[in-house]
Every structure is written in structure tokens, then in C-alpha cells.
Amino acid sequence: MTSASSLYKAGTIGTLRLKNRLIMSAMGVPLADAEGLMSDKMIAFYRARAEGGVSLVVTSFAAVSPDATFPLMLGIYDDRFIPGFSKLADAIHDAGAKLCVQLMHPGMLLLYAGWIPEGVSVKVPSMTPWLQENIAHQELGRDDIDRYVELFADAARRVKESGADAVELNASNGSLLSTFFSPVTNRRTDEYGGSVENRGRFARRVVERIRETIGSQFP
């Protein structure tokens, strides 16, 4: 049987030094309050995981835009969310671990939320024939993409200002960034569709703008 001792050795992610290589990855934790603000229950939940010995706690996603939020899930699209993340960072640090905040625009994942707010449309890279006719969808224009790039960067700034230690992007399984990657959901003919390079352009712009905003050293 292979030894697992290396799991307990210190590790690094860029400039971030971790006491071991045990990481709590992001998962859905619907413990925010009705406005998407950090709650004491959510802080207690994550603190318990930090006290359990992991070196890094990654939060459930925090919505970067008010047009795509899930009930009882975190928001980070306004500076009023910063104090709650600061309280979480303090609690995680007191328990001996580091904090990473995951950022996401849910995109088509809103279809699985069971509830879409009135007046909100599901954001997609392209209108495709298999989209549900009884649900409002919106194909993003270039200006929309530019706006979301800035929203991701602003959210990352808030993560850093809160005292958290790292930021993570969710670009998988139906989130807005992921739907640009796939030729099934992305049938655009502009610079954001077609080739692999073009389909990855939106996500690459987000990463580059985040780097410009929070610097090269923040993980």
C-alpha cells in the first residue's frame, strides 16, 4: 500500500504556503442569508473544516453578478459583501488554515436551481435550438462580455481586500465561462466562437484582468 505521508507535507500554491496538502474543495453550501451575505452558520461550517486539519478551505461559489444568484448562496458583486468574507477569513486563520474564495457566474446552471428570479434571463454564448422555450435566455453581446470581465475582476479584488488568501474560478459543468468552451453551447461566429482559441478567449480575458487587478503574486 502506498504511503500517504506526502499528504501531510507542507506545500505551496504560488506564494501561498500551506501546512499540508489536504484541501477542502468547493461544494454547494446553502447557508448564506437571503441576500447572499455571509452568515454565522456558514462561518461555523467552514471553521469546523479548518479545525479538522485541512490546510486550505475553498468556499462554495460566490456570484460575481446580481443577475445570476442561487437562493442562500454567497454573493460578492458589491463591496457590502467584504465584511462577511473578512469574518470568514479571520475564523479560518484562527483555526490554522487558509481561505480561498471561488468565483462564478452560474450561466446555464440557473436552469438547475429550481428557481429563476422574475425578470432574470439565463445568459448563454449562443441561442441554440435545444434551449427551453418557456425560459428567457440572453445571448451575450461583446459589451456584455466586457462587463462580465470587469465583474470577475472586481470580485477578485474584494476577495483580496477581505483578507482571504486565494481566489478560484469556476469554469465547469454549465457555468457561464464553461459554456463558451464547448462547441455544443457556443456557436458564435465572432472572436469568441469557432476555434479553441476563440472559445477560450472570454475565460482568458477574465484571468488576465484579474491578474491586472490583484497583481501577479496573489494565488
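Residues E51 and R47 both lie in helix α1 (residues 40–51), 4 residues apart, or about one turn of the helix; helices (H or I, at least four residues) and strands (E, at least two) are DSSP runs numbered from the N terminus. The model is predicted, so local features need pLDDT of at least 70 and side-chain atom pairs count only at pLDDT 80 or more, while totals for chains, interfaces and linings use all residues. Residues are numbered from 1 along each chain as its sequence is written, and side-chain values use heavy atoms, with hydrogens and water left out.

E51 and R47 form a salt bridge in which the closest N and O atoms are 2.9 Å apart. A salt bridge is defined here as a side-chain nitrogen of Lys or Arg within 4 Å of a carboxyl oxygen of Asp or Glu. The structure holds 13 salt bridges. R47 has a relative accessible area of 28% and is partly exposed; buried means under 20% relative accessible area, exposed over 50%, and partly exposed in between (1.4 Å probe, protein chains only).

A salt bridge also joins R157 to D79, with the closest N and O atoms 3.1 Å apart. This pair links distant parts of the chain, 78 residues apart: R157 is in helix α3 (residues 142–162), and D79 is in the loop between β6 (74–75) and α2 (82–94). R157 is partly exposed at 22% relative accessibility, and D79 is partly exposed at 40%.

In a further salt bridge, R209 pairs with E150, the closest N and O atoms being 2.9 Å apart. R209 belongs to helix α6 (residues 201–214) and E150 to helix α3, so the pair ties together parts that are 59 residues apart in sequence. The relative accessible area is 26% for R209, which is partly exposed, and 32% for E150, which is also partly exposed. Salt bridges that share partners join D79, R157, R158 and E161 into one network.

D144 is placed in helix α3. This residue is buried yet has no salt bridge, and the nearest side chain of opposite charge, that of R147, is 4.1 Å away; Lys and Arg count as positive and Asp and Glu as negative, with His and the chain ends not counted. Residues up to four places away in sequence aside, D144 touches Q138 and E139, contact meaning heavy atoms within 4.5 Å.

The nonpolar residues are considered next. In soluble globular proteins, nonpolar side chains tend to be buried together. A nonpolar core is a set of buried Ala, Val, Leu, Ile, Met, Phe, Trp, Tyr and Cys residues joined through side-chain atoms within 4.5 Å. The largest such core has 48 residues, and those with the most contacts inside it are Y46, V101, L103 and F202. Two or more residues are given to this core by each of α1, α2, β7 (98–104), α3, α4 (176–181) and α6. Helix α3 supplies the largest share, 8 residues. Beyond its neighbours within four places in sequence, L103 is in contact with residues including A62, V64, I76, F152 and A155. A second, separate core of 13 residues includes A68, F70, V124 and L131.

L88 is found in helix α2 and is buried, with a relative accessible area of 0%. With residues up to four places away in sequence not counted, L88 touches M38, I43, Y46, T59 and L99. The C-alpha atoms of L88 and G163 are separated by 9.1 Å, the two residues being 75 residues apart along the chain.
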